[in-house]
Every structure is written in C-alpha cells, then in structure tokens.
Amino acid sequence: MNIQEAEKNIEQKGFLDLEVDVKLDLFAEIERLKKEKNAILLAHYYQEPDIQDVADYIGDSLGLAQKARQTDADIIVFAGVHFMAETAKILNSSKKVLLPDLKAGCSLADSAPAAPFTAFKEKHPNHIVISYINCTAEIKALSDIICTSGNAEKIIESVPKDQPIIFAPDRNLGAYLSKKTGRNMVLWNGACMVHEIFSLEKITKLKMRHPNAKLIAHPECEEPVLAIADYIGSTTQLLKYSQTDTTMEYIVATETGILHQMQQAMPGKTFIPAPPNNSCACNDCPHMKLNTLEKLYLCMMYEKPEILMDEELRLAAKKPMDRMMEISKAAGLIG
C-alpha cells in the first residue's frame, strides 16, 4: 500500500497502515523527526514503555494539558487517547496536533454523549457543570469548569458552597469527591472500564499474600476498593507517593503503564498491578495500548492522522479549560 491509499483509509482504520522497515532504529528516527519538524512528543503514563522512553514529556492529564499550553513547538504529537489530543488542539488552535491512532478512544469519554448530556443538564438548570478532563470537546463546551483527578478537590472547593454542581462524566470519581468535600453533587452515570474492573476479592487475597504492601489507588476506582486503599491519588500523586513513602512494596490500582515509571524511579521497590475481575493477571487500557512505536513513527513522518476541530467548538471548550488553569494556578498546583 502507498501513502495516498493509506491516507484514504485513515478514517476506517484510524492510522496509516504502512509497512515499516524492520531495520529502522525507530527511537533514532523519532528523535530525528522531532528535531526536523520542531515537534514535541507528549505521552501519558499509560502508554507502552517504548513510547514513554522516547517522549519529551510524560505525565497525567493536568501535566499534559499544561505542557501542551506552554509549548513553542510547531507540531504536538500526542501519545495518548483521543480526548487528550483534542484537549491539546483546544489549547493550541495554530499548532498541528497529531495522534498515532484515531481509534485510541476512551470508555469514560464515550460514556457521556453530547445529546443525552445536554438533556441531563437542562433538567438541572441552576447547576454549574464541572467535568473531568476525560471527556469529549462537546462535553467540555457544555461545562463551566474542567478538572483532573489531581486538581478536582481544589476546583470544587473554589465554587461557593450554596452553588449546586453537576459532576461528569465519572460517577466513581464524583462519589469520592462528594465524600471528600462534603458537597452533594449530581453525578452523571459514566465510568472508566479499566478502573471499574478491579476485583476487591482478588486484591484482598493479594494483600494477605503481601502483608507489608500498601494498596495505592486512583479515585476512578469503585468505592469498595477505595475503602481499603492506603493512599488515593491521581496518577502523578501515586507516583510521587511511592517515591516519598518508606514502604518497599505496593499494590497499584490503576492502569499498568504507570508501573514503568515507578520501577525506573525506584528500582529497589516492588510494584504489583492490582488484579482485575477477569482471567488476565494485569490491567491494561486497550485504547491507550493502540498506539505503537511504528504508528508513532509513521504519524510523525507523514503528519497524519491530524486532529481537526471546528473553531466555534474549540473556543467554547477552551473557556472551562482556561478556568481550570486559573484555579489550579491560584491553588499553587501549577506554575
């Protein structure tokens, strides 16, 4: 297949379906393309280790959004899922934003379609909408403030106590934050397939086999898992906690991609992925793992697939993103 045919098939396949020469040093080629094209490669913690190792910046949603906003690169290559690349485009209208595989979606973002959410919002006319960043541009445009798991508590606390709130799209994160802040928020009924699949029974058995291990969990996990966690935090907070805490063994209840960074930062410690409620011994996000080093190379080589967005939608989605950044800065969460 040639490049013209591959480009025609992007909508159907999601990526450039071209053969990559097996003799190519993809790490060196990606570094070369970054320099030649003045491109920055941003990667989420849940990407495969090879992609993390070649990235210019690795982070969670808040860090990635901040980095995308600050960069002076001409091209932003996003190794993550679709809503993350969309977020980069929302913050950078003049820059080219690339995503190695357009089919790298998000079960949580998909759980909040725009039309039903609009109807839901209309049923609560006096509420403001705080939406977790793991949502589509359309949901961002329907929101008043965006948040991440790292800044959500501060975002909620910035809203007057008598102001009713709709929290979307993650019901587990929303329930955790309602409990933490004492705010009785109206929750949209969405969830992340990765964080909902953890098995309480299997984690309990694992804790019995590793009595000295601490369970650290992402707040998107279900309440029974959070109830037995030793520490709850965003992906970055989990990483920092495991670096500063004196424990030598951890059971990690989030996507397994973060274990690569944990093991690199603390080779003397043991990190065990929390078991899901299925036959797999691990817990990977199938969407995150659609991006590969080969797709990343082709995406940078040919500058496709590109994230394009209607300017009216982009501006509407940017307003709550800017509000999040303002509150985060005032709270000292970002520089």
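Predicted model: local features only at pLDDT ≥ 70, side-chain atom pairs only at ≥ 80, totals over all residues.
The side chains of Asp-101 and Lys-295 are joined by a polar contact of 2.7 Å. Is Asp-101 buried or exposed? Its relative accessible area is 2%, and buried means under 20%, so Asp-101 is buried. Apart from its neighbours within four places in sequence, Asp-101 is in contact with Lys-13, Gly-14 and Phe-15, and also with Leu-290, Asn-291 and Lys-295.

Next comes a pair of helices. The axes of helix H5 (residues 61-70) and helix H18 (residues 311-330) come within 12 Å and cross at roughly 105°. How do H5 and H18 lie relative to each other? Angles of 65 to 115 degrees count as roughly perpendicular, and H5 and H18 are therefore roughly perpendicular to each other. On the H5 side, the contact is made by Leu-62, Ala-65, Gln-66 and Arg-69. On the H18 side, Met-321, Asp-322, Met-324, Met-325 and Ser-328 take part. Sorted by class, the contact of H5 with H18 has 5 nonpolar, 2 polar and 2 charged residues.

Helix H11 (residues 171-181) can be followed from its start to the residue after it. At the start of H11, a side-chain oxygen of Asp-170 reaches to within 2.9 Å of the backbone nitrogen of Asn-172. Asn-172 is itself buried, and the buried residues of H11 also include Leu-173, Gly-174, Tyr-176, Leu-177, Ser-178 and Thr-181. Just after H11 comes Gly-182, which takes a positive phi of about 75°.

The last stop is a sheet. It is open, has 4 strands in the order E10-E9-E11-E12, and its pairing is parallel. Which strands form the edges? They are strand E10 (231-232) and strand E12 (270-273), each of which pairs on one side only. Strand E9 (residues 214-217) pairs with strand E11 (residues 249-253) in the parallel sense, over 4 bridges. As one example of a bridge, Lys-214 has Tyr-250 in E11 as its partner. Helix H15 (residues 235-244) packs on the sheet and touches E9, E10, E11 and E12. The direction of H15 makes about 155° with that of E9.

How values were computed: Residues numbered from 1 in each chain as written. Heavy atoms only, no water. Buried < 20%, exposed > 50% of the residue type's maximum accessible area, 1.4 Å probe, protein only. Polar contact = N/O pair within 3.5 Å; in protein donor to acceptor, adjacent residues only side chain to side chain. Contact = heavy atoms within 4.5 Å. Axes fitted to C-alpha atoms, helices over the stretch in contact; angles between N-to-C directions. Helix = DSSP H or I, 4+ residues; strand = E, 2+ residues; numbered from the N terminus. Parallel < 35°, antiparallel > 145°, perpendicular 65-115°, else oblique. Nonpolar A, V, L, I, M, F, W, Y, C, P; charged D, E, K, R; others polar. Pairing = 2+ DSSP bridges.
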